[in-house]
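Hi,

Here is the structure I promised to pass on.

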Amino acid sequence: MDGIWKLRFAHCMFPVKAEVCGIENINYPSVCTEQPSTPQSAFCVRHCDEAEKKGIPTGLRDFVYNYCGVNWEGEGL
């Protein structure tokens, strides 16, 4: 499986070490696969708490555009 699934599946964006049955799989994206806590959130409930403690914004727009520095001119998030 490759990382393309991330484009069609709402997932938590918190980085985690990807493993399948204890064996690392280099084609598996290194993100949490839990659903975001809300449609406007970048993280699942557990990772929202961790991100807030580290001063990382948890809102999807704020995280993507301000924290990650993505520059998007079109409509979207």
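Some ground rules before the rest. This is a predicted model, in which local features need pLDDT of at least 70 and side-chain atom pairs count only at pLDDT 80 or more, while totals for chains, interfaces and linings use all residues. Residues are numbered from 1 along each chain as its sequence is written, and side-chain values use heavy atoms, with hydrogens and water left out.

**Overall picture**

The protein chain has two helices and two strands, and along the sequence they come in the order β-β-α-α. Helices (H or I, at least four residues) and strands (E, at least two) are DSSP runs, numbered from the N terminus. Of the chain's 77 residues, 30% count as buried. The chain exposes about 5,700 Å², with carbon and sulfur atoms supplying 53% of that; accessible areas come from the Shrake-Rupley method with a 1.4 Å probe, and for residues only the protein chains shown count as cover. Contact here means heavy atoms within 4.5 Å. Among contacts between residues at least 6 apart in sequence, 33% join residues at least 24 apart.

**The aromatic cluster**

A search of the whole structure turns up three aromatic pairs. Rings of Phe, Tyr and Trp (its six-membered ring) pair if their centres lie within 6.5 Å; planes under 30 degrees apart count as stacked, over 60 as edge-to-face and the rest as tilted. The rings of phenylalanine 14 and phenylalanine 43 have centres 5.9 Å apart and planes at 75°, so this pair is edge-to-face. It links distant parts of the chain: phenylalanine 14 sits in the segment before β1 (19-20) and phenylalanine 43 in the loop between β2 and α1, 29 residues apart. Phenylalanine 14 counts as buried because its relative accessibility is 9%, and phenylalanine 43 is buried too, at 1%.

Phenylalanine 43 also pairs with phenylalanine 63: the ring centres are 4.9 Å apart and the planes at 70°, so that pair is edge-to-face as well. This one links the loop between β2 and α1 to helix α2 (residues 60-67), across 20 residues. Taken together, ring pairs link Phe14, Phe43, Phe63 and Tyr67 into a cluster.

In α2, the buried residues are Leu60, Phe63, Val64 and Tyr65. Seen down the helix axis they fall within an arc of 165°, so they line one face of α2; the arc is that of the directions from the helix axis to the C-beta atoms. Just after α2, glycine 69 takes a positive phi of about 75°.

Helix α1 (residues 45-53) buries His47, Cys48 and Ala51. These cover an arc of only 110° around the axis, which puts them on the same side of α1. Val45, Arg46, Glu52 and Lys53 are exposed on the other side.

Serine 41 lies in the loop between β2 (23-24) and α1, and counts as buried because its relative accessibility is 6%. A polar atom of its side chain is 2.9 Å from the backbone oxygen of phenylalanine 43. Leaving aside neighbours within four places in sequence, serine 41 is in contact with Pro36, Cys48, Thr58 and Leu60.

Aspartate 62 is in helix α2 and is partly exposed, with a relative accessible area of 35%. Its side chain makes a polar contact with the side chain of asparagine 66 (2.5 Å). A polar contact is a pair of N or O atoms within 3.5 Å; within protein, one must be able to donate a hydrogen and the other to accept it, and residues adjacent in sequence count only if both atoms are side-chain atoms.

Cheers

Definitions and conventions. Buried means under 20% relative accessible area, exposed over 50%, partly exposed in between (1.4 Å probe, protein chains only).
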